[in-house]
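Reader: Please take a close look at one part of this model, the packing around its aromatic side chains. I would like the partners named and the cut-offs stated.

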Amino acid sequence: MTNLVEFLTVKIERRFLESMEKKQWRVSMVLVVVSIFFVALNMRPAVTGIGPLFNVLLESLHISNTKMSFLTSIPVFCMGLFAPFAVPLQRKLGTKTAITLLIMTLALANGLRFLKESYVLLVVTSFAAGFAIALIGPILNAYIKKKFPNRFTTVVGIYSFGIGTGATLSAALTVTFYNHFHESWTMALGSWAILAIIALCIWLLAIQNQELPETGALTENAARNPWKNARAWTILIYFGIQTSLFFSIMSWLVPIVQAKGFSLGAASSMLTFMSIVQMIGNILVPILMDKWFSRIGWLFSLGFLGLIGFVLLWLGSGTLLWIAVFIIGIVLSGLFPIGLLLPLDEARNDEEANSWSSMVLSGGFMISSIIPILIGYCYDVTGNHTFTYMIFIILMTGIIATTIMLKKK
């Protein structure tokens with residue numbers, strides 16, 4: 001009887017300890033996911049925070065629209081240029097150190113904007129921010145895949161939602177900061193350093209006792225070279241077009257609406273509204289895509305819906321403008337996740353998943369850095385946004401054209 005009691009006591013103690021360890025694991029994993037979300041919040045404000053203050057910066061710095069466009073194009077180009085260096089950096093420093101240093105770089109890039117009203121300083125900090133964002137993305141994706149193999153899609157969804165939320169916050173709050181700090185755009189842009197510091201603290205707290213799985217060397221196996229594959233190039237062009245649409249509309253929506261007679265506050269509210277629609281869409285569209293799986297069907301629907309939205313933006317006024325912005329927000333929210341999924345759909349193995357995704361993201365981001373500059377140049381030459389609207393419509397037509405090419409499998 002005594003032996004039985006001792007046996008049951010040991011069993012109960014063991015179960016209790018296992019339960020506590022499991023609960024502790026769950027708490028620590030939740031904290032890691034929260035830290036990933038906060039890191040993701042910082043992936044856009046350094047870039048999208050420029051758009052709401054476009055005309056303010058233009059007048060303050062006495063520069064052309066083309067030069068202003070470089071403040072969006074430089075970090076986007078860096079996202080493509082430096083993305084291939086993410087894995088080597090991760091292998092050399094480890095995930096913990098690499099992400100820590102890159103968040104610090106983002107905090108520094110935003111914080112330096114406090115110092116003075118300088119176009120050169122904005123260019124330098126935009127480059128630094130683009131460099132950090134370019135490397136954080138692939139490193140976090142690899143970390144999520146290794147750390148959460150059974151909940152990869154869920155955590156990536158949270159990560160994507162964090163990126164969208166960061167873009168929405170920058171659209172909503174940058175002008176608010178500008179007004180609060182007595183129309184100081186240096187304070188408005190520099191304030192985003194605080195968000196990066198918060199993310200850094202949460203990241204360090206979350207992963208201090210974590211064993212971070214590192215990405216090992218890729219195994220050599222038979223895989224198609226995406227750079228020699230016409231279909232991979234089609235997906236790259238698609239990704240470049242949809243990314244061009246996002247960064248161009250984030251940069252130019254406020255000055256476009258102001259040119260239609262809206263105040264800075266009203267134009268900023270419209271950008272915020274579009275960002276909120278897009279943020280919600282980033283959650284809903286992937287859920288709906290699980291029910292209606294056809295990527296081609298989604299792309300055709302979003303392509304023609306986008307044409308309607310940009311035509312309304314061009315010709316509409318008043319309520320029609322709000323409808324146009326609502327439609328564009330929905331379209332952008334669907335085009336991005338499809339762009340991430342297309343190379344994975346085509347991949348036949350892990351090697352191809354890595355190489356095709358790397359090619360599509362790297363080349364696509366570099367392509368998308370051209371369009372904001374082109375819009376700025378056209379506006380400098382013509383003095384109106386006619387070419388801006390035409391460029392948007394051509395890009396949406398490009399989405400439809402690449403969809404037709406992808407349909408021909």
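**Packing around the aromatic side chains**

Author: Among contacts in the protein chain between residues at least 6 apart in sequence, 82% join residues at least 24 apart, a contact being heavy atoms within 4.5 Å. The model is predicted, so local features need pLDDT of at least 70 and side-chain atom pairs count only at pLDDT 80 or more, while totals for chains, interfaces and linings use all residues. Residues are numbered from 1 along each chain as its sequence is written, and side-chain values use heavy atoms, with hydrogens and water left out.

Of the 409 residues, 53% are buried. Buried means under 20% relative accessible area, exposed over 50%, and partly exposed in between, with a 1.4 Å probe and protein chains only.

Start with the aromatic rings. A search of the whole structure finds 17 aromatic pairs. One of these, F37 with F38, is edge-to-face, at 5.9 Å centre to centre and 90° between the planes. Rings of Phe, Tyr and Trp (its six-membered ring) pair if their centres lie within 6.5 Å; planes under 30 degrees apart are stacked, over 60 edge-to-face, and the rest tilted. F38 is partly exposed, at 22% relative accessibility.

F310 and F392 form a stacked pair, with 4.9 Å between centres and 20° between planes. This pair links distant parts of the chain, since F310 sits in helix α13 (residues 295–315) and F392 in helix α17, 82 residues apart. F310 is buried at a relative accessible area of 2%, and F392 is buried at 0%.

Helix α17 (residues 386–407) also holds T388. T388 is buried, with a relative accessible area of 1%. Leaving aside neighbours within four places in sequence, T388 is in contact with I256 and I375.

F310 turns up again where α13 meets helix α11 (residues 230–259). The axes of α11 and α13 come within 14 Å and cross at roughly 30°. Axes are lines fitted to C-alpha atoms, for helices over the stretch in contact, and angles run from 0 to 180 degrees between N-to-C directions. The two helices are therefore roughly parallel; angles under 35 degrees count as roughly parallel, over 145 as roughly antiparallel, 65 to 115 as roughly perpendicular, and the rest as oblique. Their crossing is left-handed, meaning the near helix is turned anticlockwise from the far one by less than a right angle; clockwise would be right-handed. From α11 the contact uses Y238, L245, I249 and L253, and from α13 it uses L299, F310 and L313. By class, that is seven nonpolar, no polar and no charged residues. Ala, Val, Leu, Ile, Met, Phe, Trp, Tyr, Cys and Pro count as nonpolar, Asp, Glu, Lys and Arg as charged, and the others, Gly among them, as polar.

Elsewhere, F82, F85, F127 and F131 form one aromatic cluster. A86, L89 and Q90 of α5 meet L135, P138, I139 and A142 of α7. This contact has six nonpolar, one polar and no charged residues.

How values were computed: Helices (H or I, at least four residues) and strands (E, at least two) are DSSP runs, numbered from the N terminus.
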